[in-house]
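Here is a short tour of a helix pair and some aromatic rings. Please have the model open as you read.

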Amino acid sequence: MPFTSPVRVSLIGLGALGILHAKDLNDHPELCTLTCIADKARQARYAEQGIYCNGERLTLPQAAPEDTPAEPADLVLVCVKATGLEQAIADLDNYVGDGTVILSLLNGVSSEDRLRKAWPKARVLHCIAQGMDALRVDQKLACSQHGRLVIGTDREELVPVVKDVLAFLTSVGIPCVEDTDILHRLYAKWMMNCGLNQTVTVYEGTYETVQKEGEPREVFKKAMREAMAVANARGIALTEKDFEEYLALTDSLSPHSMPSMRQDALAGRATEVELFAGTMLSLAKEYGIDTPVNAWLYEKICALPHKA
């Protein structure tokens, strides 16, 4: 059934996507009640440093994982990095109930399965965040392109839920569209991430690094083609049209910005390389596909120093 206003929304992960969409939601208290889930240490850090979106300091309602809400959330947005998914699942347990709708904004092709396993009675939809052009330093987000969420499901019984979520997100100003072949879209985005995020990180650059002709752009395209071959082996029919679409999307991004993986590397944080080249190498081995470019990218990224 459609959501009833105000929609109870819980969000975890105040990185770039989390900050952006927390602002969208918090700007519409007449339509939803937002709760950002963060442990006490994070809450203290946020209070000290502030949370900013394009120069505006945000005041976001927060709650700790151990708090007990009067009712579970209608909608949960999971905006953490893949490296934080297991902790996020533990932290969200008090906020997810039977029928709660969950959107995972994580990269990769596997987080939805993990969330379904954690909460089999929740309604987990596939979601892809794309086209966002942002830089985040600590909790300060500068975003020039909002991007959009692409939402869908591979389960027929959840199709009406997709429609309800699209209507709600549109009402609070979050650009979103439905994709009726969401697994195809999921793997197409993964193809782009394997090329774009990893190449910019290894070459220590920005989007401009792969937008101009040269060695990095060739590595970027070869890494994407390896991902396409693996997806095709799994029965996901990525085509040259998909390749060109995501090439064009990359070329439309601000040349001075950079993907989140590069930002993580600069900050000494663990990267999401296991979602990209890590997954790629595992699947390539299963299907007997040679992926030397992603193997090289994986080795280089794994060797980057990061804080424990």
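The crossing of α8 and α9 is right-handed, meaning that the near helix is turned clockwise from the far one by less than a right angle. Contact here (heavy atoms within 4.5 Å) involves R217, F220, K221, M224, R225 and M228 of α8, and E240, F243, Y246, L247, T250 and D251 of α9. By class, these residues are six nonpolar, one polar and five charged. R225 lies over the face of F243, 3.9 Å from the ring centre; the cut-offs are CZ of Arg within 6 Å of the centre and within 35 degrees of the ring normal.

This is a predicted model, with local features needing pLDDT of at least 70, side-chain atom pairs counting only at pLDDT 80 or more, and totals for chains, interfaces and linings using all residues. Numbering starts from 1 along each chain as its sequence is written, and side-chain values use heavy atoms, leaving out hydrogens and water.

Now to the rings. The whole structure holds three aromatic pairs (centres within 6.5 Å; planes under 30 degrees apart are stacked, over 60 edge-to-face, the rest tilted).

Y203 lies in the loop between α6 and α7 and W296 in helix α12, so their pair ties together parts 93 residues apart in sequence. Y187 and W190 both lie in helix α6, three residues apart, and both are buried (under 20% relative accessible area).

Methods
Helices (H or I, at least four residues) and strands (E, at least two) are DSSP runs, numbered from the N terminus. Ala, Val, Leu, Ile, Met, Phe, Trp, Tyr, Cys and Pro count as nonpolar, Asp, Glu, Lys and Arg as charged, and the others, Gly among them, as polar. Rings of Phe, Tyr and Trp (its six-membered ring) pair if their centres lie within 6.5 Å; planes under 30 degrees apart count as stacked, over 60 as edge-to-face and the rest as tilted. Buried means under 20% relative accessible area, exposed over 50%, partly exposed in between (1.4 Å probe, protein chains only).
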